[in-house]
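Please look over the sequence and the coordinates before reading on. The paragraphs below go through the chains and their contacts in turn.

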Amino acid sequence: MSTTDSPGGRAGTDWLAHAVLLLGVVLFALPLWIVLMGSSHDAATIGRGEVPLLPGPHAAENYAAAWGRGPTGVPVARMLWNSTVMALCVAVGKIAISILSAYAVVFFRLPGRNLVFWSIFLTLMLPVEVRIFPTFKVVSDLGLVNTYAGLIIPIIASATATLLFRQFFLTIPDEFVEAAKMDGAGPLRFFRDVVLPLSRTNMAALFVILFVYGWNQYLWPLLVATSEDVETVVIGMVKMIGSESNTDWSLVMTTCVLALLPPVLVVLLMQRWFVKGLTETEK
Amino acid sequence: MATLDLAGIRKSFGPVEVLHGVDLAVRDGEMIVIVGASGCGKSTLLRIVAGLERPSGGRVVIGGRDVTALEPAERDIAMVFQNYALYPHMTVAQNMGYGLRIRGLPRAEIARRVGEAAALLGIEALLDRRPRQLSGGQRQRVAMGRAIVREPKLFLFDEPLSNLDAKLRVQMRAEIRRLQKRLGVTSLFVTHDQVEAMTLGDRLVVMHQGHAAQVATPMEVFERPADTYVAGFIGSPAMNVLAGRLAEGGRAVALAAGPVIRFADGPRPGAEGEPLTIGIRPEHLRPDPAGLPLALELVEPLGSETVLHGRLPGGEALVVKLAGAAPREGVLPIALPPEALHVFQAGSGKRLDPAPPA
Amino acid sequence: MERKTVFEGKLLPCLLVAPQLLVTILFFFWPAGQAVWFAFLRQDAFGIRTSFVGLENFQDLFADPLYLETLRNTLVFAAGVSLIALTVALLLAVMADRQIRGAGLYRILLVWPYAIAPAVAAVLWIFLFHPQIGLLGRALNEAGLPFDYKLNGTQAMLVVILAAAWKQVSYNFIFFLAGLQSIPKSVLEAAAIDGARPAYRFWTVTFPLLSPTTFFLLVVNLVYAFFETFGVIDALTKGGPARATETLIYRAYIDGRVNLDLGMSSAQSVVLMLVVILLTAVQFRFIERRVHY
């Protein structure tokens, strides 16, 4: 409670705060609402430009249609599966390799440790977008085009997460390591019994951030995942718009809802860790 | 239970040598307190005994076995850390039993030992809690318990009381002493607090700049400090030091402040006029109409006693501790009882004892 | 910074960093190095011979009026996105920082767009601004204001800026809110006791204390606008109409993918790398200075 404002003034400013925040919420929600409602109307209604703001009768058939066959022939279910695989593998894979290398950098006197650290640090600077074609060439030379591995591994190749873990590991008191040595716990045992449990919050936060990051990739999948087998839902949805004239807008809306739901749910359900992790550790 | 022998322990960090050859022989069941100001090397010495640091030279022998090259876990020791180092994600019982679990002891045996230690420390009710749910004193006890369950040959304490508030510190100090006596485990206790050192130790090691300045019982350290550093470090308020010169063929000191005082315990060796440092504890000074005039600058009444700060005519500072109340200002004549004088060489600061009778 | 106590051993730590090192070298350093190398090469018209041409690609690039226009577009776009996303987020954060009822609920309702992909955000905004089927686009046209972002370059730029900024507000909001909550209450109380009115208090105390957060977010937003908004532009305008919304990253993609001009595309990548490195360096310099306070 603010003790510095007079009661009268507080009521006044509270009203203002509510108004501004409500406006913000509405601005954020409006596009989502339109799509959500649109996905329950048939294509003709949308095509006429009526922009329905209330639910219509066609929700079930739209979702069933998209799920089963999809406007471009690839079932949206398949795209969702691909996106899920990609997002999960990016999140889990990156956490796994990052936590291991951060552990090695912090808890050992690794030969060339500074070199390793700085080279890892460099990777922070260049998003995948700026090295996209040479990366594509490497993936293509390895025969990984249109495979999950080709889709996922290059996205994992940066070190944000490593730095976060390193920062966190440096806050683990020296005495824990010393006590572990007294107790006869070796490095792997210490990792399993102490470091991993202590890193749970950080891992959860990173999971949210990386899941969203993986799910939302656009440019890289556009290049490397051209086959329907590995097409992600974000790419698939944009492809549906391709030719204006015969776009099935209600199915685009339906797919749009399906494409944004999983990452939004992950963020909302894990909101506490996510906000903490983002602000305390990112970058 | 075991003895501990340190022989010529040296330690360098890069070009800087922080321990210059420390020797120490600890008897079975003895409680040794290593005391000194920060940076004196006391923690490094403890960590070398623990095996957390490798010495640059010298040997560590526990119970007759040379452990210098062994890992901490192989030395059969236990350590209580300054910040307790309790794992926040484990319960009290898990924290205490972790070392035993690693050693592969059967579950029942671990439970038995943890239970016994908990009973000994009065923390049975806390076994299922996590460290963050405990008070400072309770954490301290758990840290002790973790050391006890291992039934080690040697306890190491690294300033374990410094995170507690003053009242709890006094209480835990007594408890640690009681427990150590009861278990009879040889112990090394590091602290920077002289009161802790005096009350806990069977013997003290006063460390100064990487050397053991004195190894002796608390009363010996207090009554016969080996040099001016030890003299100033132990005792509160600190011992007064006055400049003087050897006089009367070694039988007396001529203080810079004026008077010539005869030694009560016999003549000192040395040339006439050799510079000396004379130490005298504030509590040994007493008012005397025939004494030196002390111009009072600050008077601190502590209730049962009063501490007076003043200056002698020559400008040297002097602190006096008197029982009961005392004058608040003015000039107080002070006498220096000959039997309370400590004599040190001015250059080296070493204690200068009477020459043995010829 | 280093630990006092570490574990012994050489083999184990090497094994632990190996996966990361391998992936990073193979998919990061090698391609990044190649991007730099390609930038100095040129293929002949038939794609048979490749020759080293020094800085020619860069010279051509900066002599190309189209590229300079793309550069200008990018700056307008990035400035617009950052300004809007930061201002709106700060306003919302200041309001949400008050001790009002339902603050937690507002927070949830303002955080979720973080999870939206830029491309999905773009599709959402199609249904707002599409001249025939969009809520606002149609309304504008019916009110006699011709609006079609597929024909009018200025309108197109406005729509991509709005869509890209919309998605970024949540991220900024989270950081601004955390920044506001970390300002000690006693400082604000002291200002209040000094007699500062709330608005004055905000600009003289809160905002300066928030400046590290603002600066950090500015850099993040610029990087976002430069690179991660590819999906927004691809889904909404494909760089059109008449290149009005073509940004550097989109142009690099077109040159590499559609025009198959690897040399020019790589030269552009190198320019982009320099931009990121510059931004990051500025940011770290600033953060480092903050540490010395």
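How many residues does the contact take from chain C and from chain A? The contact takes 76 residues from chain C and 81 residues from chain A, where two residues are in contact if their C-beta atoms, placed from the backbone, lie within 7 Å. On the chain C side of this contact, helix α1 (residues 11-38) of chain C gives the most, with 17 residues; helices (H or I, at least four residues) and strands (E, at least two) are DSSP runs, numbered from the N terminus. By class, the side of chain C that touches chain A has 57 nonpolar, 12 polar and seven charged residues, with Ala, Val, Leu, Ile, Met, Phe, Trp, Tyr, Cys and Pro counted as nonpolar, Asp, Glu, Lys and Arg as charged, and the others, Gly among them, as polar.

This is a predicted model, in which local features need pLDDT of at least 70 and side-chain atom pairs count only at pLDDT 80 or more, while totals for chains, interfaces and linings use all residues. Residues are numbered from 1 along each chain as its sequence is written, and chains are lettered from A and ligands numbered from 1 in the order in which they are written. The model scores ipTM 0.84 and pTM 0.83. For chain C the mean pLDDT, the predictor's confidence in each residue from 0 to 100, is 83, and 95% of the residues of chain C reach 70 or more. Within chain C, confidence is highest in helix α3 (residues 65-97) of chain C, at a mean of 90, and lowest in helix α12 (residues 262-291) of chain C, at 74. An unreviewed UniProt entry places the feature "domain: ABC transmembrane type-1" at residues 71-283 of chain C, in the numbering used here, with feature names shortened and annotations that may be inferred rather than shown by experiment. That span of chain C is 77% helix and 0% strand, and its end C-alpha atoms lie 22 Å apart.

Chain A is divided into domain 1 (7-68) and domain 2 (76-281), with bounds that come from an automatic or database domain assignment. The centres of these two domains of chain A, taken over C-alpha atoms, are separated by 31 Å, and the contact between them takes 14 residues from domain 1 of chain A and 12 residues from domain 2 of chain A. On the domain 1 side, α1 (7-38), α2 (43-47) and α3 (59-68) of chain A each supply at least two residues, and the largest share, five residues, comes from α3(A). That side of domain 1 has eight nonpolar, five polar and one charged residues. For chain A, the unreviewed UniProt entry lists "transmembrane region" at several places, including residues 85-108 and 249-270. Residues 85-108 of chain A are 96% helix and 0% strand, with end C-alpha atoms 34 Å apart, and residues 249-270 of chain A are 95% helix and 0% strand, with end C-alpha atoms 32 Å apart.

Chain B has eight helices and 19 strands, and its C-alpha trace spans about 75 × 45 × 35 Å along its principal axes. An open sheet of four strands in chain B has the order β2-β1-β4-β5, with antiparallel pairing, two strands being paired if DSSP finds at least two bridges between them. β2 (16-26) and β5 (65-66) of chain B stand at the edges, each with a single partner strand, so one side of each has no neighbour in the sheet. Strand β1 (residues 4-13) of chain B runs antiparallel to β2(B) and is joined to β2(B) by eight bridges.
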